[in-house]
Amino acid sequence: MRKITRDEILNIYEYEKVRPQKVQEIIQLKKNRRLFIEPWVHLVFENRETVWFQIQEMIRAERMVREEEIQQEIDVYNELIPDKNELSVTMFIEIPEASERKRLLPQLVGIHDHLYFHIGNKHTIRAIADERSKEDYEYGKAAVVHFLKVRFTQEQIEDFKKEPVRVEINHPNYRALTPMPEEVKQELIKDLISE
């Protein structure tokens, strides 16, 4: 999937004019790019549109106008765009109650190393977290956001298109298996076959 380039990014003034429409578009798009693995894990599958929106929102929130700052945001967020034969996942741990979160996050260290995609009964693929997730082990508590990639062979992609897909977290303190809804799967097939 093509990375975002500087010429695609609007300045704050121009973005403000189109923002209401873009917010609605992203809400609609993400409806079929989310998967909840109850009770606390929420996955969002990233693509060019979701990443473009995040860059624009960061520039807006931080009131960025300097070219080097804007380019740095583009470079950082471009890492979330999946490459060919790949899905990009942002994993959120959403424990609403602060005292519960404080108690449970130390028990969830390493959860990012336990996310699996099962394609029919033929393939199991483990998602790979980016380098920042290693800090969980150093700090002794799980971060509430992790960035992961799921890499597929051509055969796995072909089977992904036609077989049921289940997503599993198999962590000692968090075990859950969730079937991927067909509408989510169809959206992700677009990612897997895009250049």
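Biologist: How many aromatic pairs does a search of the whole structure find?

Modeller: The search finds four. Rings of Phe, Tyr and Trp (its six-membered ring) pair if their centres lie within 6.5 Å; planes under 30 degrees apart are stacked, over 60 edge-to-face, and the rest tilted. This is a predicted model, where local features need pLDDT of at least 70 and side-chain atom pairs count only at pLDDT 80 or more, while totals for chains, interfaces and linings use all residues. Residues are numbered from 1 along each chain as its sequence is written, and side-chain values use heavy atoms, leaving out hydrogens and water.

Biologist: OK. What class is the pair of W40 and Y174?

Modeller: The pair is tilted, because the planes stand at 50°, with the ring centres 5.9 Å apart. W40 sits in the loop between strand 1 (34-37) and strand 2 (41-46) and Y174 in strand 9, so the pair ties together parts 134 residues apart in sequence. Strands (E, at least two residues) and helices (H or I, at least four) are DSSP runs numbered from the N terminus.

Biologist: And F152 with F160, how are those planes set?

Modeller: At 85°, with centres 5.6 Å apart, so that pair is edge-to-face.

Biologist: Is F160 buried or exposed?

Modeller: F160 is buried, at 0% relative accessibility. F152 is buried too, at 7%, and so is Y174, at 4%. W40 is partly exposed, at 25%. Buried means under 20% relative accessible area, exposed over 50%, and partly exposed in between (1.4 Å probe, protein chains only).

Biologist: How many bridges join strand 4 to strand 8?

Modeller: Five, between residues 115-119 and residues 165-171. I119 has V165 as its bridge partner in strand 8.

Biologist: Last topic, the core. Which residues touch the most other members of the largest one?

Modeller: L43, F45 and L115, in a nonpolar core of 36 residues. Such a core is a set of buried Ala, Val, Leu, Ile, Met, Phe, Trp, Tyr and Cys residues joined through side-chain atoms within 4.5 Å. A second, separate core has 17 residues, including I4 and F53.

Terms used. Two strands pair if DSSP finds at least two bridges between them.
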